[in-house]
Amino acid sequence: MGYSNGVGLIMTPGPTMVRENVRLARACDETNPDLDPRFFEFYRETCDKLARILRTDNEVRILSGEGILGLEAACASLCEPGDRVLVLENGIFGEGFADFVRMYGGEAVFFHGDPRRGLDVEELKQFLALDSDFKFATLVHCDTPTGVLNDIAALCPVLRERGILTVVDSVSSMAGHVIETDTWRVDILLGGSQKAFSAPPGLTFLSISDDAFRGMRERKTPIASYYANLALWEDYDMKKWFPYTMPVSDIRGLSVAADNILADNILAEENIFVRHARMGGAVREAVTRAGLRLYLEKDFSDTVTVIEAPAGVEVEAVRQRMLEDYGVMIAGSFGFLADKVFRIAHMGESARPQVMRVTLNAFQKALEGCGDVCQGEGVNPGDLVEGFDQAWERGGAKGL
């Protein structure tokens, strides 16, 4: 896993490490995707693989652009001037949907939640009993700056019962958590290549329901974008026409990454979702055993753990020491959590015990360099690796 820039392990919540077979797939011979009929078949086959992972019969599309493109495209394609859009938020990315809504002329109405826990379904029901006149609603499954996981299985049906289309950002949860797209009534589900799929950044993919496509067709005004216009993709396979030239190498890599996930799911007792759950629980137990505090109170994602920095400990100094001395890259956060927390990802290729042991050992050594500061806060970094090993052997800490 060595890299020429000295980074041995990329343990950030995206981009993540990329398996060798994905890298090699991207080095295959090129073709002209606009003219090669075999590429249209390959694109459809790759979309079908994604649909299996997302457990959906809805149409799936792969777009050339980082995951944010999908968020903007969903809003651009559904939102018309004057539309009221419900923005469910308990984190930075949830709140950010409002910018796209306003960009395309909509009125963003907020349903606010607590950033230290998931959105409350009963509170949402009470909110909608008073006001449910919304064309669609946006929400985030895993909001990575805090690591909170929202219960879209409960939230989306409540919205659909009111006739509100649902747009879900699952970029950081997809392939790390089970998602039952159709059963949970998600109209547009958004993902990205660089998170738990463990492919390089550069692709966004999404499933689109018939109701969502109908909403695009029945607009009174044209979609105010070309590149972010999802309606252009509705019948691409029958027309044998892409709205723009597809990045062949990136899609080949994504196809192999999807194969990796599907093969992992064959191992029923230790599939990719079980491993993420086990990993998330073990990391959280190790962190708390060492005297460190988790940022969240509950509703933890199994793809990233967010840890409060002890008073007097500089996040950037610890991160730089881990990177320079041990070749391990973790993340801080941003917005209201800038310089206040560490983020250690365990998504995709980083959700493996041998990788996490190296990461926690580097974290342990970097914190030990803070000496008296950590001791004064009751932190014992020496417990990190041992605590992880014990929790992992027990199958993860289910209570955290």
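Three strands form an open sheet in the order β11-β12-β14, with antiparallel pairing. Its edge strands are β11 (293–294) and β14 (341–345), each of which pairs on one side only. Between β11 and β12 there are 2 bridges, and these two strands run antiparallel. Within that pairing, Arg293 stands opposite Glu308 in β12. The model described here is predicted.

Of the residues that line the second largest cavity, β12 gives the most, with 3 residues. The space inside the second largest cavity is about 50 Å³.

The search of the whole structure that finds this cavity returns 2 cavities of 30 Å³ or more. The largest cavity holds about 90 Å³ of space. It is lined by 14 residues, and Arg19, Asn260, Ile261, Ile272 and Glu349 lie nearest its centre. The largest share, 4 residues, comes from α9. In the lining of the largest cavity, 6 residues are nonpolar, 3 polar and 5 charged.

Strand β8 (residues 165–169) is largely enclosed by the rest of the structure, because 5 of its 5 residues are buried. The burial applies to both faces of β8: Leu165, Val167 and Asp169 lie on one side, Thr166 and Val168 on the other, and all are buried. Strands of a sheet pair through backbone hydrogen bonds, either parallel or antiparallel. Strand β5 (residues 136–140) pairs with β8 in the parallel sense, over 5 bridges. In this pairing Thr138 stands opposite Val167 in β8. A further 3 bridges join β8 to β9, and these strands also run parallel. Here Asp169 has Leu190 in β9 as its bridge partner.

Strand β9 (residues 188–192) leads on to β10, to which 5 bridges join it, and the two run antiparallel. Gly192 stands opposite Thr204 in β10. Strand β2 (residues 59–64) pairs with β10 as well, in the antiparallel sense and over 6 bridges. At one of these positions, Glu59 has Ile208 in β10 as its bridge partner.

How many residues of strand β10 (residues 203–208) are buried? In β10, 6 of 6 residues are buried, and the strand is mostly covered. Leu203, Phe205 and Ser207 point one way from β10, while Thr204, Leu206 and Ile208 point the other way, and all of these are buried.

In soluble globular proteins, nonpolar side chains tend to be buried together. The largest nonpolar core in this model has 84 residues, and Tyr43 and Ile188 touch the most other members. Helix α2 (residues 37–54) gives the most to this core, with 8 residues. Tyr43 lies within the range of α2, and its contacts reach well along the chain: leaving aside residues up to four places away in sequence, Tyr43 touches Arg61, Ile62, Trp233, Tyr236, Phe242, Met246 and Ile251. A second, separate core has 43 residues, among them Leu292, Leu296, Ile307 and Met322.

The largest pocket remains. Its space amounts to about 210 Å³. Which residues lie nearest the centre of the largest pocket? They are Phe93, Thr144, Val171, Ser172 and Lys195, out of 17 lining residues. By class, the lining of the largest pocket has 8 nonpolar, 5 polar and 4 charged residues.

How values were computed: Residues numbered from 1 in each chain as written. Predicted model: local features only at pLDDT ≥ 70, side-chain atom pairs only at ≥ 80, totals over all residues. Heavy atoms only, no water. Core = buried A, V, L, I, M, F, W, Y, C linked by side-chain atoms within 4.5 Å. Buried < 20%, exposed > 50% of the residue type's maximum accessible area, 1.4 Å probe, protein only. Contact = heavy atoms within 4.5 Å. 1 Å grid on protein atoms, 1.4 Å probe; cavity = no way out; pocket = protein on both sides within 12 Å on 5 of 7 lines; lining within 4 Å. Points joined across faces, edges and corners; volume = space filled by probe spheres on them. Nonpolar A, V, L, I, M, F, W, Y, C, P; charged D, E, K, R; others polar. Pairing = 2+ DSSP bridges.
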